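Subject: Handing over the structure

Hi,

Here is the structure I promised to pass on to you.

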Amino acid sequence: MPKWKLLTEFTFDSAHYIKDYNGPCGRMHGHTYKVKIEAKSSQLHSSEYCPHPVMVADFRSLRWAKKDVTQGGLDHCVLNEVLPPEYETTAEMIAKYIYDETKKRLPADVKLKVAVSETPNSWAEYEDD
């Protein structure tokens with residue numbers, strides 16, 4: 001069976017603090033978050049921007065989080081004020097939030113992996129089973 005895989009990377013700048021963290025991460029600070037998204041499918045789809053089944057997913061749909069917060073993204077916001085309360089602002093939970101929100105924008109059969117980095121040497125990933 002054929003399989004396609006898309007990979008995209010983007011960044012966004014946001015502030016956050018980790019609630020009840022005993023150390024510097026418990027104070028408000030900012031990062032340039034780097035996000036890598038991998039999407040896989042055995043079939044091609046249309047998108048809200050293209051009516052023809054010619055893509056695994058539209059890159060515009062995958063990169064929604066890089067938009068300014070006033071346009072529905074995560075750029076230039078305080079993540080603690082934007083993410084729902086069930087998502088703490090650790091890299092792990094930010095990856096899960098981006099995964100969950102991206103999944104809503106894609107056909108059900110598309111498998112996702114989302115990786116988030118706060119620093120050049122540390123990554124957190126969240127993916128389908």
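Below is what I found, topic by topic.

A word on the ground rules first. This is a predicted model, so local features need pLDDT of at least 70 and side-chain atom pairs count only at pLDDT 80 or more, while totals for chains, interfaces and linings use all residues. Residues are numbered from 1 along each chain as its sequence is written, and side-chain values use heavy atoms, with hydrogens and water left out.

**The sheet**

Let's start with the strands. Helices (H or I, at least four residues) and strands (E, at least two) are DSSP runs, numbered from the N terminus. In general, the strands of a sheet pair through backbone hydrogen bonds, either parallel or antiparallel. I call two strands paired if DSSP finds at least two bridges between them.

Here, four strands form an open sheet in the order β1-β2-β3-β4, and the pairing is antiparallel. Which strands stand at the edges? They are β1 and β4 (122-127); each has a single partner strand, so one side of each has no neighbour in the sheet. On average, neighbouring strands are turned by 20° against each other, direction ignored. For angles, axes are lines fitted to C-alpha atoms (for helices, over the stretch in contact), and the values run from 0 to 180 degrees between N-to-C directions.

Now the pairs. Strand β3 (residues 111-119) pairs with β2 over seven bridges in the antiparallel sense, and you can find Ile37 opposite Val114 of β3. Helix α3 (residues 91-103) packs on the sheet and touches β1, β2, β3 and β4. The direction of α3 makes about 145° with that of β3. Between β3 and β4 there are six bridges, again antiparallel. A hairpin with two residues joins these two strands, and Thr119 has Ser122 in β4 as its bridge partner.

UniProt, in an unreviewed entry, lists His16, His29 and His31 under "binding site". Its positions are given in the numbering used here, feature names are shortened, and annotations may be inferred rather than shown by experiment. The three span 16 residues in sequence, yet no two of their C-alpha atoms are more than 8.3 Å apart, so they gather at one spot. Take His16 and His29: they are 13 residues apart along the chain, but their C-alpha atoms are separated by 5.7 Å.

Is His16 buried or exposed? I use buried for under 20% relative accessible area, exposed for over 50%, and partly exposed in between (1.4 Å probe, protein chains only). With a relative accessible area of 1%, His16 is buried. His16 sits in strand β1 (residues 4-16). His29, in strand β2 (residues 29-41), is partly exposed at 22%.

For contacts, I mean heavy atoms within 4.5 Å. Not counting residues up to four places away in sequence, His16 touches several residues, including His29, His31, Tyr33 and Glu118. With that same exclusion, the residues that His29 touches include Ser14, His16 and Pro24.

**The core**

A nonpolar core is a set of buried Ala, Val, Leu, Ile, Met, Phe, Trp, Tyr and Cys residues joined through side-chain atoms within 4.5 Å. The largest one here has 27 residues, and Phe12, Leu74 and Ile98 touch the most other members. At least two core residues come from each of β1, β2, α3 and β3. The largest share, five residues, is supplied by α3. Leaving aside neighbours within four places in sequence, Leu74 is in contact with Phe12, Trp64, Tyr97 and Ile98, among others.

Finally, look at two backbone angles. Asp20 is not a glycine, yet it has a positive phi of about 65°. Asp20 is in the loop between β1 and β2 and is exposed, with a relative accessible area of 74%. His76 also has a positive phi, near 55°. You will find His76 in the loop between α1 (59-62) and α2 (79-82), exposed at 55% relative accessibility.

Cheers
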